[in-house]
Amino acid sequence: MSDTAHQQQMARKKAVVDAAIARADQDKGVLLVLTGNGKGKSSSAFGMVARTLGYGKKVGVAQFLKSRRDTGEELFLGNQPDVDWQVLGDGFTWDTQNREADIASAQRGWQVAQGFLRDASLHLVVLDELTYLLNYGYLDAARVYADIKARPAMQHVVITGRAAPQALLDLADTVSEIQDVKHAFRAGVRAQAGIDL
Ligand code: ATP
Ligand code: MG
């Protein structure tokens, strides 16, 4: 392609992008769902936590399925004054093997999440690994969706976890499905600090 043709093509692309940017003129609290089997769901959510803190805004993080407490995100973000960090599950299912206890724990956890979803001072709420509780039927999904819908208009919510239910995808403004192409763990590499935990 000649330089002129390339320049013309770029100018056309820029016009399309500029028009799309001009059209997107609304502000609202968005619901994001990060799902799929690939690595990068929770770490993406924590990237948005860091961005939000950069603007001096407050964040609530609810971790619903947590088997370890020594992760880098909790060590760093959990100590930030503008972060309310709540670990609400302790393993679930394969650790506890006690469905009744898991349900009670999930429901107590949801009460904490409800507090976040009613608190307009929180610019961002992360509901990490929530999809599992919906899929196992530990929470009343209709209740969860109603609470998310009723949140303050400018509050952003990020939900992570594999196999997000269709009703949640329907409710979301932004959905990313992360594909598992390869993971070092399957080649025998244990979880690495800063990368996996
Ligand atoms: P991350 O927290 O690294 O963004 P994630 O939230 O997408 O990962 P989870 O299913 O919550 O994924 O699993 C968290 C842990 O499991 C991390 O240590 C991650 O590296 C690892 N992991 C995630 N996906 C895979 C996979 N497809 N195969 C093996 N290990 C994985
Ligand atoms: Mg995760």
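1. **Ground rules.** Residues are numbered from 1 along each chain as its sequence is written, chains are lettered from A and ligands numbered from 1 in the order in which they are written. As this is a predicted model, local features need pLDDT of at least 70, side-chain atom pairs count only at pLDDT 80 or more, and totals for chains, interfaces and linings use all residues, while side-chain values use heavy atoms, with hydrogens and water left out.

2. **Overall layout.** The chain has 7 helices and 6 strands; helices (H or I, at least four residues) and strands (E, at least two) are DSSP runs, numbered from the N terminus. Reading from the N terminus, the order is α-β-α-β-α-β-α-β-α-α-β-α-β. The C-alpha trace spans about 70 × 45 × 35 Å along its principal axes.

3. **Polar contacts to ligand 1.** A polar contact here is a pair of N or O atoms within 3.5 Å. Lys39 puts a polar side-chain atom 2.4 Å from a ligand oxygen, and a polar backbone atom of Lys41 is 2.7 Å from an oxygen of ligand 1. Arg186 has a side-chain N or O atom 3.4 Å from a nitrogen of ligand 1. Taken alone, ligand 1 exposes 570 Å², and the protein buries 79% of that (Shrake-Rupley method, 1.4 Å probe).

4. **The largest pocket.** Ligand 1 takes up the space of the largest pocket (more than half of its atoms lie within 2 Å of the grid points). A pocket is an open set of points on a 1 Å grid over the protein atoms alone, where a 1.4 Å probe fits, with protein on both sides within 12 Å along at least five of seven lines; lining residues have an atom within 4 Å of a point. The volume is about 1200 Å³, taken as the space filled by probe spheres set on the points. Of its 34 lining residues, Lys39, Ser42, Glu129, Arg162 and Asp196 are closest to the centre. Helix H2 (41-54) and helix H3 (72-77) are the elements giving two or more residues, and H2 has the largest share, 4 residues. By class, the lining has 10 nonpolar, 11 polar and 13 charged residues.

5. **The second largest pocket.** This one holds about 190 Å³ of space. Its lining includes Leu32, Met48, Tyr55, His123 and Val158. H2, strand S4 (122-128) and strand S5 (156-160) each give two or more residues, with H2 giving the most, 3. The lining has 5 nonpolar, 3 polar and 2 charged residues.

Key:
Polar contact = N/O pair within 3.5 Å; in protein donor to acceptor, adjacent residues only side chain to side chain. Nonpolar A, V, L, I, M, F, W, Y, C, P; charged D, E, K, R; others polar.
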